[in-house]
There are 2 protein chains.
Amino acid sequence: MYEGAVQDLIDELGRLPGVGPKSAQRIAFHLLAADTSDVRRLADALTEVKARVQFCETCGNVAESATCRICADPRRSPATICVVEEAKDVVAVERTREYRGKYHVLGGAINPIENVGPDDLRMSQLMTRLADGVVEEIIIATDPNVEGEATATYLSRLLAPMGLRVTRLASGLPVGGDLEYADEVTLGRAFEGRRLVGG
Amino acid sequence: MYEGAVQDLIDELGRLPGVGPKSAQRIAFHLLAADTSDVRRLADALTEVKARVQFCETCGNVAESATCRICADPRRSPATICVVEEAKDVVAVERTREYRGKYHVLGGAINPIENVGPDDLRMSQLMTRLADGVVEEIIIATDPNVEGEATATYLSRLLAPMGLRVTRLASGLPVGGDLEYADEVTLGRAFEGRRLVGG
């Protein structure tokens with residue numbers, strides 16, 4: 001539809017997640033009108049990220065060397081491992097500033113439809129990390145959806161014989177939300193997990 | 001929040017129109033997991049578009065040489081010029097396969113809030129194109145919003161003394177739409193522009 005280079009860019013942008021053909025076109029025309037230096041910065045950032053970023057050998061988080069910042073940090077307690085699906089979940093947990101232990105990134109969740117089984121996730125690497133007996137608690141922080149729950153259940157059974165404390169993040173009403181708009185599953189979980197207040 | 005290269009990429013992606021921080025993060029992690037060759041293709045497309053794409057000296061459309069494909073095409077009638085705001089509007093009109101004339105891309109619309117006046121648009125270049133007396137009709141196809149209407153009005157006054165046929169695209173109900181959901185301005189325009197049916 002467009003001349004060569006513009007259409008090529010629209011095609012490449014359209015392959016990104018969440019970018020439809022209309023957005024791809026809007027972004028391409030924005031870049032056409034932008035300063036060459038801005039476009040070069042984006043192109044360089046793309047090249048850099050593939051050249052420099054790797055995955056931590058210990059926990060699977062993104063890293064710029066063989067070990068990520070968190071695994072390398074001596075102030076983080078090695079007695080607790082928080083298991084998450086993706087590296088971006090590490091950032092979400094870090095944002096709470098509540099957690100001072102280590103992480104383990106599975107690289108996804110069990111999903112029979114997409115043919116992802118336990119062997120496709122970094123579960124054996126987690127078992128290896130438990131060998132030295134330093135770890136006392138595993139916090140399973142997979143997503144609160146079907147795949148995340150399946151993964152949590154599988155993992156907790158796998159961990160059961162190890163004699164560790166295995167916990168799962170609480171489900172319930174989102175803070176600042178409105179009870180009226182909560183879906184029935186979340187509301188059901190909020191009832192199940194209800195806590196005694198006061199006296 | 002993330003280590004250097006990942007955060008740099010998220011920042012650069014977040015500067016694109018319609019890409020919020022969450023989308024930028026999702027795209028960045030998608031690219032981290034993607035094949036290096038896919039990411040290189042995107043980076044190359046960005047570099048290429050700035051290196052090769054320019055704007056047609058005649059009409060202002062995107063081009064890969066001094067003259068765009070449409071201006072260079074001898075089968076396109078030089079007697080009609082369709083005036084649009086942006087190069088992407090050229091593609092929208094081309095998609096209808098109804099129009100066989102030439103184009104003129106203004107590069108925007110009159111917008112006092114963003115300080116865009118007639119002098120910031122390619123209006124004098126349009127006047128220059130009319131000098132040889134070949135053009136018979138100017139079709140004003142600016143957007144059907146306040147800025148587009150202002151631009152159309154300004155342009156039609158500018159063109160009035162030239163003795164050309166000056167037309168504006170019809171406003172009315174979108175085909176396949178539902179009268180019930182039409183906004184009152186569109187519906188009002190549809191009434192104004194009503195046509196006699198049959199005998």
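Chain B brings 50 residues to its contact with chain A, and chain A brings 49 residues. The model is predicted. How big is the meeting surface? The size of an interface is often given as the accessible area lost when the parts come together. Here the area buried between chain B and chain A is about 4,700 Å². Carbon and sulfur atoms give 69% of that area.

A:Glu12 forms a salt bridge with B:Arg41, with the closest N and O atoms 2.9 Å apart.

Now look at the side of chain B that touches chain A. H3(B) gives the most to this side, with 13 residues. By class, this side of chain B has 28 nonpolar, 6 polar and 16 charged residues.

The largest pocket holds about 780 Å³ of space. It is lined by 28 residues, and B:Asp143, B:Pro144, B:Leu169, B:Ala170 and B:Ser171 are the closest to its centre. Both chains take part: helix H2 (21-33) of chain A gives two or more residues to the lining, as do H5, H7 and H8 of chain B. The largest share, 5 residues, comes from H5(B).

The second largest pocket has a volume of about 570 Å³. Its lining has 21 residues, and those closest to the centre include A:Asp143, A:Pro144 and A:Leu169. H5(A) gives the most to this lining, with 4 residues. The lining divides into 10 nonpolar, 6 polar and 5 charged residues.

Conventions:
Residues numbered from 1 in each chain as written. Chains lettered and ligands numbered in written order. Predicted model: local features only at pLDDT ≥ 70, side-chain atom pairs only at ≥ 80, totals over all residues. Heavy atoms only, no water. Contact = heavy atoms within 4.5 Å. Buried area = accessible area lost by both parts, 1.4 Å probe. Salt bridge = Lys/Arg side-chain N within 4 Å of Asp/Glu carboxyl O. Nonpolar A, V, L, I, M, F, W, Y, C, P; charged D, E, K, R; others polar. 1 Å grid on protein atoms, 1.4 Å probe; cavity = no way out; pocket = protein on both sides within 12 Å on 5 of 7 lines; lining within 4 Å. Points joined across faces, edges and corners; volume = space filled by probe spheres on them.
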